[in-house]
Amino acid sequence: MGSKNHFHVIISFIFISLPFSSIALHVITPIKEFKILPSTDPSSSHFNSINIKGHYSSKTNSNGCFNKIYAFGDSYTDTGNAQLLNISKNLKKGQEKPNNGWLLIDFVRDALNISSLPPYKSVNANFSSGVNFAMAGATVFTEEFLSQHKINSTLMWKYGYHSFQTQIEWYNKFVSDIACKGKNNESCKADMENSLFWVGEIGIDDYVRALRSKVSLRWIKDMAMAHTSRLLATLLDSGAKYIVVEGLPPLGCYPFAKSARHFVKDDMNCNAKINRVTKAHNHYLQDMLEGFRRRKGANVSISYADYFDAYKVITGNLNKFGFEDAFKACCGHHRNKILNFSFKILCGMSGAETCRDPDSYIHWDGIHLTEAMYRQLSEFFLHGNFCKPSFIHLIRVKNGLLRA
């Protein structure tokens with residue numbers, strides 16, 4: 001929408017895509033160690049139906065607050081683009097998502113009383129309630145980089161190159177050709193200002209691929225930050241005011257990470273190396289979001305969804321949340337009986353088997369989560385204090401009750 005917008009995008013990309021050694025010099029505010037304590041947020045109160053004290057704010061009616069959602073991300077958020085483009089090896093006919101049901105974005109949509117959120121590649125879809133641009137298997141790297149470093153693992157996708165840049169291009173095309181067609185710049189931005197923008201995880205598939213390559217995990221983090229920065233700059237320049245950005249879960253606790261032959265364990269009994277990188281990823285992400293908040297001021301509300309701590313609380317209190325196993329995949333191969341996971345025989349492939357009660361499992365296939373886990377995470381993010389600022393705070397800002 002003009003040269004000014006391009007300037008913001010380019011600056012954000014240059015700032016974040018510096019070599020890791022340069023980024024490390026940037027001062028980052030330490031994140032306090034997570035503790036189970038009552039909320040100190042004056043806009044929050046205890047949510048009586050929850051088992052663990054202090055995690056939940058009082059529920060705020062969000063029905064009708066937003067009439068549209070625009071979603072971005074990877075297979076954790078994709079509700080059909082990969083299936084429509086026929087790039088999945090393992091999805092059964094008619095199956096849109098790589099798990100056993102709803103994803104987190106489905107629960108978000110439902111909580112906002114939005115009936116549907118069609119994937120961008122849907123044919124003749126009604127996009128009046130928003131669009132899902134997320135693409136399963138999306139990578140932060142260029143096709144040339146993947147080829148040069150011989151990163152051939154496509155996981156459960158038929159081929160491996162689907163850059164996050166594609167989602168930015170899809171969004172810009174949607175805005176110009178559909179959402180804002182026939183509208184002036186002011187009315188277009190006004191429409192975007194009333195929408196919720198949900199940015200799912202960026203980089204998970206690349207961290208998984210990196211376990212079987214020589215690519216530095218730090219470079220993945222740097223490139224993930226670059227793509228996130230470019231995406232946020234694009235959304236803000238188009239008029240977005242209400243944005244939620246997901247951090248990464250503790251990937252070192254996932255079956256794919258624990259299946260490594262030798263690894264040092266951390267205090268969660270997980271792969272310490274991968275969890276250290278995940279924490280660093282989340283630290284830099286939060287620092288970046290704070291930079292956007294400072295530049296935009298009270299005009300926008302950008303919330304960070306703390307996937308890492310939410311996951312940690314749930315897996316540390318399995319019985320309280322109805323789960324039985326923190327590490328074993330529901331769908332996979334029994335070659336590894338403890339994890340039920342093998343890179344050679346993934347869920348959906350010949351030889352893989354599915355558990356009887358997916359609702360008692362955290363992990364679906366060793367890489368993705370179960371519907372039951374997404375349901376619990378949605379409660380934490382939408383009604384609890386695991387979004388910073390809380391999602392309830394964002395709703396109250398939208399309703400004019402608070403300032404961003």
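Analyst: Before we start, a disulfide here is a pair of cysteine sulfur atoms within 2.5 Å. Keep in mind that this is a predicted model.

User: Numbering the bonded cysteines of the protein chain in sequence order, what is the pairing?

Analyst: There are 4 disulfides in the structure. Count the bonded cysteines along the protein chain in sequence order, and the pairing reads 1-2, 3-4, 5-8, 6-7.

User: Is the disulfide of Cys-180 and Cys-188 right-handed or left-handed?

Analyst: The two sulfurs of Cys-180 and Cys-188 sit 1.7 Å apart and are joined as a disulfide. Both of these cysteines are buried. The S-S torsion for Cys-180 and Cys-188 comes out at about 65°, so this disulfide is right-handed.

User: How many residues apart in sequence are the parts that Cys-253 and Cys-270 tie together?

Analyst: Cys-253 and Cys-270 form a disulfide with an S to S distance of 2.1 Å, and its torsion of about 100° makes it right-handed. Cys-253 is in the loop between strand 4 (242-246) and helix 10 (255-258), while Cys-270 is in the loop between helix 10 and helix 11 (272-296), so the linked parts are apart in sequence by 17 residues.

User: And what about Cys-330 and Cys-355: is that link left-handed or right-handed?

Analyst: Cys-330 is bonded to Cys-355, S to S 2.0 Å. Cys-330 lies in the loop between strand 6 (325-329) and strand 7 (331-332), and Cys-355 in the loop between strand 8 (353-354) and strand 9 (361-363), so the pair ties together parts 25 residues apart in sequence. With -90° about the S-S bond, the link of Cys-330 and Cys-355 is left-handed.

User: Is Cys-65 buried or exposed?

Analyst: The cut-off for buried is under 20% relative accessible area. Cys-65 has 8% relative accessibility, so Cys-65 is buried.

User: Moving on to helices, are helix 4 and helix 13 parallel or oblique to each other?

Analyst: The axes of helix 4 (residues 104-111) and helix 13 (residues 371-383) come within 8 Å and cross at roughly 50°. Angles under 35 degrees would count as roughly parallel, and 65 to 115 as roughly perpendicular. Helix 4 and helix 13 are therefore oblique.

How values were computed. Residues are numbered from 1 along each chain as its sequence is written. This is a predicted model: local features need pLDDT of at least 70, side-chain atom pairs count only at pLDDT 80 or more; totals for chains, interfaces and linings use all residues. Side-chain values use heavy atoms; hydrogens and water are left out. Axes are lines fitted to C-alpha atoms, for helices over the stretch in contact, and angles run from 0 to 180 degrees between N-to-C directions. Helices (H or I, at least four residues) and strands (E, at least two) are DSSP runs, numbered from the N terminus. Angles under 35 degrees count as roughly parallel, over 145 as roughly antiparallel, 65 to 115 as roughly perpendicular and the rest as oblique. Buried means under 20% relative accessible area, exposed over 50%, partly exposed in between (1.4 Å probe, protein chains only).
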